[in-house]
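Please keep the sequence and the coordinates open beside the text.

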Amino acid sequence: MLPEVIAKEKPTVVAAALGECVHVAGVMGFLRLAEEAGWQTHFLGPAVSVKRVLEVARQEGAALVGVSYRLTPETGERLLSEFAEAADDLRSAGVRFAFGGTPPVVARVRALGFFEALFDGSELPEDVSAYLRGQANVAGEIQYPQTAIARIEAKAPYPLIRHHFGLPTLPATAEGIARIAESRLVDVISLGIDQDAQENFFHPERQDPRRTGAGGVPVRSPEDYRLLYAASRRGNFPLLRTYSGTDNFIRLAEVYVATLNLAWAAVPLFWFNAMDGRGPHGLEASIREHQRLIAWYGARGIPVELNESHHWGMRDAPDVVFVVAAYLAAFNARACGVTDYIAQMMFNSPPGLSGAMDLAKMLACLDITAPLGGPRFRIWRQTRVGLLSHPLDPEAARGHLAAATYLQMALRPHIVHVVGHTEADHAATAEDVIAACKVARAAISNALAGAPDMVHDPIVQARAQELVAEAQIALDAVRSLAGADVAEPLTDPAALARAVTSGILDAPHLRNNPFARGQVLTRIVKGACLAVDEHGRPLSEYERLASLRYLSLATPTAPAHGDPRE
């Protein structure tokens with residue numbers, strides 16, 4: 001293992017392309033990762049002799065020596081045999097040795113039994129980083145952390161990769177999970193379970209056999225969850241998580257924690273109830289139940305993600321409502337005792353947003369919630385492609401996935417939730433998941449290599465600031481709904497429910513909904529989703545709320561609504 005080497009301040013790694021080999025791209029990539037992992041690097045260049053490499057290793061007091069050879073396997077085998085013999089005294093003294101080359105060369109060099117680690121180019125960047133950080137056992141196998149936060153910290157600067165997966169049968173889902181785990185491309189598998197698993201897990205009498213497998217895997221017992229978890233115990237040992245369900249919330253949570261080693265919980269605030277047709281509870285009752293569930297997870301130190309703001313965005317809500325929902329989600333998570341909060345930001349919701357306006361909206365979500373953060377409420381950024389945004393054509397969808405992922409990297413996410421390019425056509429198979437994650441990973445690697453600083457674009461900054469200011473107006477309106485005896489209106493279930501029934505929180509897709517107004521009109525205006533009047537004129541949030549009689553138009557501090565791109 002390398003921990004004792006890494007523990008020293010700036011240990012040295014010496015690396016070179018050996019013998020007559022002049023190919024140094026792999027060596028340079030290895031040294032770049034070494035620098036990120038805390039090593040002092042010494043690059044000797046191409047076509048370096050065995051004698052020179054070992055001479056410098058001794059002079060520099062190297063803790064690790066890396067050599068590369070990418071030419072003829074037979075020649076490489078002879079050269080590396082010579083190297084191993086000449087370097088044996090250094091290895092006996094505790095110096096470690098790593099080799100990189102083409103797969104045929106690596107196969108021959110492995111037989112020498114000299115090198116601690118061998119890389120043939122098929123490794124993931126984070127696996128090489130894990131080796132350099134000492135996160136490997138004596139066999140060179142990566143030790144993958146089994147909690148979300150530890151895995152985030154171990155993998156940085158690369159984000160965790162998450163993907164949704166669930167097929168209509170249990171055996172097919174278990175087989176798919178095994179294949180995904182063996183690919184080592186996905187860090188978190190989100191189990192897609194069917195509706196009866198979410199709503200009627202503890203009520204077999206209410207389950208409808210005709211809809212078995214509708215929307216996901218039909219899990220019917222704790223043993224089924226254990227089977228799926230066992231399927232993931234290979235490859236990179238991905239974490240698992242799943243929906244919080246729509247009834248018997250805490251009983252389900254107990255099952256998830258006991259059988260899945262739940263990576264984190266995902267709980268809505270306003271959704272997954274009678275309002276969206278996914279559960280039996282009314283709006284206010286479900287808010288109370290969700291708060292209880294969030295507190296249950298928080299008391300156990302389990303990270304929590306709130307599935308909130310994107311549900312408004314997917315229903316064409318104005319951008320400001322999206323931002324308000326993001327703040328309410330974070331505020332309630334903190335109030336319920338959550339320490340590690342997963343801030344989900346679904347881009348492309350609604351579809352049609354420009355990249356600049358989408359980025360500005362997400363930046364506003366982060367800016368408005370940032371004051372809530374601290375040692376007792378850590379905010380972890382998670383981004384994802386919009387569920388409704390993928391083109392039907394698979395090649396166009398791959399392009400959209402890559403472009404959207406690259407844009408998301410401007411926020412330096414800790415987690416990237418990949419939405420497969422097949423989303424518009426069918427539920428992702430294991431092969432689809434693997435293919436989509438390869439696309440996303442390529443975009444992530446390109447961004448980490450050096451992307452333009454899109455966050456500080458003046459247009460993006462101006463729109464983000466405007467959204468934060470308008471969101472504060474809406475939040476004040478929500479606060480006004482609580483009774484005088486309510487200590488904190490933004491966590492009061494009755495006030496939060498009234499925020500929906502009164503139209504402060506509203507979306508066009510909620511028309512004719514018994515719990516919401518659905519009266520707001522929205523349009524995409526120069527890339528932003530804005531509330532408009534019946535003539536299509538954009539409304540400021542002050543004007544929109546004034547029309548609902550929650551604000552007086554005579555208030556002199558009402559901000560003017562300008563062009564979101566000016």
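Contact, a term used throughout this briefing, means heavy atoms within 4.5 Å. Helices (H or I, at least four residues) and strands (E, at least two) are DSSP runs that are numbered from the N terminus. The model is predicted, and local features need pLDDT of at least 70, side-chain atom pairs count only at pLDDT 80 or more, and totals for chains, interfaces and linings use all residues. Residues are numbered from 1 along each chain as its sequence is written, and side-chain values use heavy atoms, with hydrogens and water left out.

**Overall fold**

- The protein chain contains 21 helices and 15 strands, and its radius of gyration (taken over C-alpha atoms) is 27 Å, close to the 24 Å that the globule rule gives for 566 residues, so the chain is as compact as a globular protein of that length; the globule rule is 2.2 Å times the number of residues to the power 0.38.
- The C-alpha trace of the protein chain spans about 85 × 60 × 45 Å along its principal axes.
- Of the 566 residues, 57% count as buried, where buried means under 20% relative accessible area, exposed means over 50%, and partly exposed lies in between (1.4 Å probe, protein chains only).
- The accessible surface of the protein chain comes to about 22,600 Å², of which 53% belongs to carbon and sulfur atoms; such areas come from the Shrake-Rupley method with a 1.4 Å probe, and for residues only the protein chains shown count as cover.
- Among the contacts in the protein chain with a separation of 6 or more, 71% are between residues 24 or more positions apart.

**The eight-stranded sheet**

- Eight strands form an open sheet with parallel pairing, in the order β8-β7-β6-β13-β12-β11-β10-β9, where two strands count as paired if DSSP finds at least two bridges between them.
- The edge strands, each pairing on one side only, are β8 (239-242) and β9 (265-267), and the twist from one strand to the next averages 25 degrees.
- Strands of a sheet pair through backbone hydrogen bonds, either parallel or antiparallel.
- Within this sheet, β10 (residues 304-306) and β11 (residues 340-346) pair in the parallel sense over two bridges, and Glu305 has Ile342 in β11 as its bridge partner.
- Helix α13 (residues 283-299) packs on the sheet, where it touches β9 and β10, and its direction makes about 160 degrees with that of β9; for such angles, axes are lines fitted to C-alpha atoms, for helices over the stretch in contact, and the values run from 0 to 180 degrees between N-to-C directions.
- Helix α15 (residues 319-335) lies across β10 and β11 and runs at about 165 degrees to β11.

**Cysteines**

- The structure holds zero disulfides, a disulfide being a pair of cysteine sulfur atoms within 2.5 Å.
- Cys336 is in no disulfide, and the nearest cysteine sulfur, that of Cys365, is 19 Å away; at 17% relative accessibility, Cys336 counts as buried.
- The sulfur of Cys529 lies 13 Å from the closest cysteine sulfur, in Cys365, which is too far for a bond, and Cys529 counts as buried at 3% relative accessibility.

**Cis peptides and positive phi**

- A cis peptide bond with omega of about 10 degrees joins Ala156 and Pro157, and Pro157 is placed in the loop between α8 (148-155) and β6 (160-165).
- Another cis peptide bond, with omega of about 5 degrees, joins Ser349 and Pro350, and Pro350 lies in the loop between β11 and α16 (355-369).
- Asn348, in the loop between β11 and α16, has a positive phi of about 60 degrees although it is not a glycine, and Asn348 is buried, with a relative accessible area of 13%.
- Arg184, in the loop between α9 (170-183) and β7 (188-191), has a phi near 60 degrees, a positive value in a residue other than glycine, and Arg184 is partly exposed, with a relative accessible area of 24%.

**Surroundings of Leu475**

- Leu475 lies in helix α19 (residues 458-479) and is buried, with a relative accessible area of 0%.
- Not counting residues up to four places away in sequence, Leu475 touches Val324, Tyr327, Leu328, Ile368 and Leu490.
- The C-alpha atoms of Leu475 and Glu431 are separated by 44 Å, the two residues being 44 residues apart along the chain.
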